[in-house]
Amino acid sequence: MDAVEGRGPSLGDVAVLAGVSTQTVSRVSMGLDNVRPATRDKVLAAMAQLGYAPNTAARALRYGSFRTIGMIAHGLARTGESRTIEAVVEAARNEGYTVTLIDVENPSSDVVAAAATRLSHQAIDGLVIVRAETVTPDSLALPPHLPVVVSDSRFVGHHPAVGADQVDGARRATQHLLDLGHRTVHHVRGPAGSAPAQLRAESWRDTLVAAGRPVPEIVPGDWTAGSGYDAGRRLAADPEVTAVFCANDEMAAGVLRALHEAGREVPGDVSVVGFDDILLAEYLWPPLTTVVQDFGEIGRRLVARLLQEVRAGGGPAKAGAGDLHEVVPVELEVRESTAPPRG
């Protein structure tokens, strides 16, 4: 059938062509999951045939929502960011929401603010900022009355925040190595501008100080396996090094290779711990002891907190909203890359 002359195809036109109710067409257009796949395919085919596009403004007026979440992220190739994004998308889908993502190359305050403004003009209900990096709460200006949640504990008091317990994770990793009998623990750190890297490094240092152990000089890295390899070559040249805590698993993988090439056995000569528990961690040789972040839970809580703000009609200025900080617990997965020191 053709749409009535003088107007574009309507939701009712799609329903007639697909042989379903207008309610079913509405559910499909909103991305809800409670539609049988075969029925969804018929509706989508009818939409395509008629050239029907859902009117997001009308839908927002009718349902009080665009059913869309905006998301700003940086460094999509990194494991933590990509797994957090994946978790947010899945959690949003389960709530009947779609996600519009902007990847910012340079996560400065101005760039993030511009991305947030751009997303707000594309009809979103709220915004998730994944890993704000160098952005500070005082420097980030966001559109007024836009509900926002951030996966960054530095924004407590400004926006609701959800994140893994970075401090406890680094403490567990460092204490595990001390409990095995190592005199001290060396640290391969993430980039200087990263808040998680800073928190992990501070917790590593605090754990050593609390135990009365010497604090070695930090070895810098940039999250990549290549930087871990360079750090590992430097550490392998020092016979006093018996334990290394790496700020993520990719750098730990580079350290493992460098130690192997230098003839330093893991864990016989040097024990190594990572952070994140990437999918390859248990398949490295030896299998890597690491801190496990529950990215799925982080994504679910980010979406749940954001939708709570959306449904309450509050934006970032809502009283008390910025003080909400949910910390997702971490675990230490002990594998074969750690052992007591020889002798």
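**Entry 1: ground rules and salt bridges.** I counted a salt bridge wherever a side-chain nitrogen of Lys or Arg lies within 4 Å of a carboxyl oxygen of Asp or Glu. On that criterion the structure holds 13 salt bridges. I kept in mind that this is a predicted model, in which local features need pLDDT of at least 70 and side-chain atom pairs count only at pLDDT 80 or more, while totals for chains, interfaces and linings use all residues. Residues are numbered from 1 along each chain as its sequence is written, and side-chain values use heavy atoms, with hydrogens and water left out.

**Entry 2: a pair inside one helix.** I took helices (H or I, at least four residues) and strands (E, at least two) as DSSP runs, numbered from the N terminus. Arg171 forms a salt bridge with Asp168, with 2.7 Å between the closest N and O atoms, and both residues belong to helix 7 (residues 166-179), where they are three residues apart, about one turn of the helix. For accessibility I used relative accessible area, with buried meaning under 20%, exposed over 50% and partly exposed in between (1.4 Å probe, protein chains only). Asp168 counts as buried at 18%, whereas Arg171 is partly exposed at 35%.

**Entry 3: pairs across the sequence.** I next looked up Asp269 and Arg342, whose side chains meet in a salt bridge (2.7 Å, N to O). This pair links distant parts of the chain, 73 residues apart, with Asp269 in the loop between helix 10 and strand 9 and Arg342 in the segment after strand 12 (331-333). Asp269 is partly exposed at 22%, and Arg342 counts as exposed at 52%.

Arg305 forms a salt bridge with Glu326, the closest N and O atoms being 3.1 Å apart. Arg305 lies in helix 11 (residues 295-312) and Glu326 in strand 11 (residues 325-328), so this pair ties together parts that are 21 residues apart in sequence. Arg305 is buried, with a relative accessible area of 13%. I also noted that a network of salt bridges links Glu297, Arg300, Arg301, Arg305 and Glu326.

**Entry 4: backbone exceptions.** Pro267 is in the loop between helix 10 (249-261) and strand 9 (271-276), while Pro286 is in the loop between strand 9 and strand 10 (289-292).

I then checked two residues that have a positive phi although they are not glycines: Trp223, at about 85 degrees, and Asp277, at about 60 degrees. Trp223 lies in the loop between strand 7 (219-220) and helix 9 (225-236), and counts as buried at 7% relative accessibility. Asp277 is found in the loop between strand 9 and strand 10, and counts as buried at 18%.

**Entry 5: helix 9 against helix 10.** Helix 9 and helix 10 pack at an angle of about 40 degrees, with their axes 6 Å apart. The axes are lines fitted to C-alpha atoms over the stretch in contact, with angles running from 0 to 180 degrees between N-to-C directions. The residues making the contact (heavy atoms within 4.5 Å) include Gly228 and Gly232 of helix 9 and Gly254 and Ala258 of helix 10.
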